[in-house]
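Student: I am new to this structure and would like to learn how to read its features one at a time. Could you take me through them slowly, giving the general idea before each case?

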Amino acid sequence: MTQQIPQVPVTEPDLVGVRNFRDVGGLSTVDGLRVRGGRLFRSGHLAHATEADAAFLATLGLHTVFDFRNAGDQKLEGPDVALPGVRNVNIPMTDPADGAEFWKMVRDGDLDDLRSALSGGRAADRMITVYREIITQRTAEHSRVLHALAEDSVPALMHCAAGKDRAGLAIAVALLAVGVERDAIEADYLKSNDPHRRYKVRRSNTSPDAMSAEVMELLSPLFDARAEYLHAAFETIEETWGTTDRYLERGLGLSDGTRERLRDRLLDSAV
């Protein structure tokens, strides 16, 4: 049973052009501490942030914005808005050409195309595969992020396109590194399903047929945050490295000292 997430110091703003924004402060660790509010944020991309959105983000005192989008994402959505005094670091978590034809089909394909590619559990299976591959194939990227957080990059905001998958896994890995309970990580991850946070599905044809209930049902596994996806990532860590500690040490190259600095930067004292 997942736990209730306590309120955190920074209340969620009513952002117009930024989806899925939240502070992950308040999550409990296995040793009785909590993630400090105002240190680690997550969201969808910032390319469509309004002036008011940017003004709010500027009040957070951000040091670094980590953008996990690839070149294809950035071409589709545009670059992030510039925030004064904030370092922008682009660390693509997928190859720019990876899945380009698939996502073109998602945007442009007709119902028969979508049924062929996504029905019968194929869409969810694809997402599980992607989560597993990000864990095994993006160790260098996750290592870079965690070392940066340990050194000088907080407060930090992590985002991808929707703020759900690539950012969701990067946040999960960071939270694992400081000892946050898995139930708390999952509860935060699933908040991406809240209606006001969800990524807006884009289809080139906006007719009723192109956005029918069947089409939306076929696409939903791609745009949902599902516990089974996150569980697949955790299972992959255990299948590949045996334990989370070995994953952090051998997979991501985190020393005990680096993990301790991460805890100092991200965690509060015991409640």
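Predicted model: local features only at pLDDT ≥ 70, side-chain atom pairs only at ≥ 80, totals over all residues.

Student: How many helices and strands are in the chain, and what percentage of its residues count as buried?

Tutor: The chain has 12 helices and 5 strands, and 53% of its 271 residues count as buried. For contacts, meaning heavy atoms within 4.5 Å, those between residues at least 6 apart in sequence include 76% that join residues at least 24 apart.

Student: What is the order of the strands in the sheet?

Tutor: In general, strands of a sheet pair through backbone hydrogen bonds, either parallel or antiparallel. Two strands count as paired if DSSP finds at least two bridges between them. In this model, 5 strands form an open sheet with the order 1-2-5-3-4 and mixed pairing. Strand 1 (22-23) and strand 4 (87-90) stand at the edges with a single partner strand each, so one side of each is left without a neighbour in the sheet.

Student: Which strands run parallel, and which run antiparallel?

Tutor: Strand 1 and strand 2 run antiparallel and are joined by 2 bridges, with Arg22 standing opposite Arg42. Strand 2 pairs with strand 5 in the parallel sense over 4 bridges, and there Arg42 stands opposite Met158. Strand 3 (residues 64-67) also runs parallel to strand 5 (residues 156-159), through 4 bridges, and Phe66 has Met158 as its bridge partner.

Student: How should I read aromatic pairs, and how many does a search of the whole structure find?

Tutor: Rings of Phe, Tyr and Trp (its six-membered ring) pair if their centres lie within 6.5 Å; planes under 30 degrees apart count as stacked, over 60 as edge-to-face and the rest as tilted. The search of the whole structure finds 6 aromatic pairs. In one of them, the ring centres of Tyr131 and Tyr189 are 6.4 Å apart and the planes stand at 85 degrees, so this pair is edge-to-face. Tyr131 lies in helix 5 (residues 122-137) and Tyr189 in helix 8 (residues 182-190), so the pair ties together parts that are 58 residues apart in sequence. Both of these tyrosines, Tyr131 and Tyr189, are buried.

Student: Which other ring forms an aromatic pair with Tyr131?

Tutor: Tyr131 also pairs with Tyr229, in a tilted arrangement with 5.6 Å from centre to centre and 50 degrees between the planes. Because Tyr131 lies in helix 5 and Tyr229 in helix 10 (residues 227-241), this pair ties together parts that are 98 residues apart in sequence. Tyr229 is buried, as is Tyr131. Elsewhere, Phe21, Phe41 and Phe56 form one aromatic cluster.

Student: Where does a charge sit over a ring?

Tutor: The rule asks for NZ of Lys or CZ of Arg within 6 Å of the ring centre and within 35 degrees of the ring normal. Arg126 lies over the face of Phe102 at 3.6 Å from the ring centre, and Arg182 lies over the face of Phe234 at 4.5 Å from the ring centre.

Student: Which residues of helix 8 are buried, and what do they pack against?

Tutor: They are Ala184, Ile185, Glu186, Ala187, Asp188 and Tyr189. The buried residues of helix 8 pack against strand 1, strand 2 (40-43), helix 5, helix 7 (166-177) and helix 10.

Student: Which peptide bond is cis?

Tutor: The bond from Val154 to Pro155 is cis, with omega near 0 degrees, and Pro155 has its place in the loop between helix 6 (139-151) and strand 5.

Definitions and conventions:
Residues numbered from 1 in each chain as written. Heavy atoms only, no water. Buried < 20%, exposed > 50% of the residue type's maximum accessible area, 1.4 Å probe, protein only.
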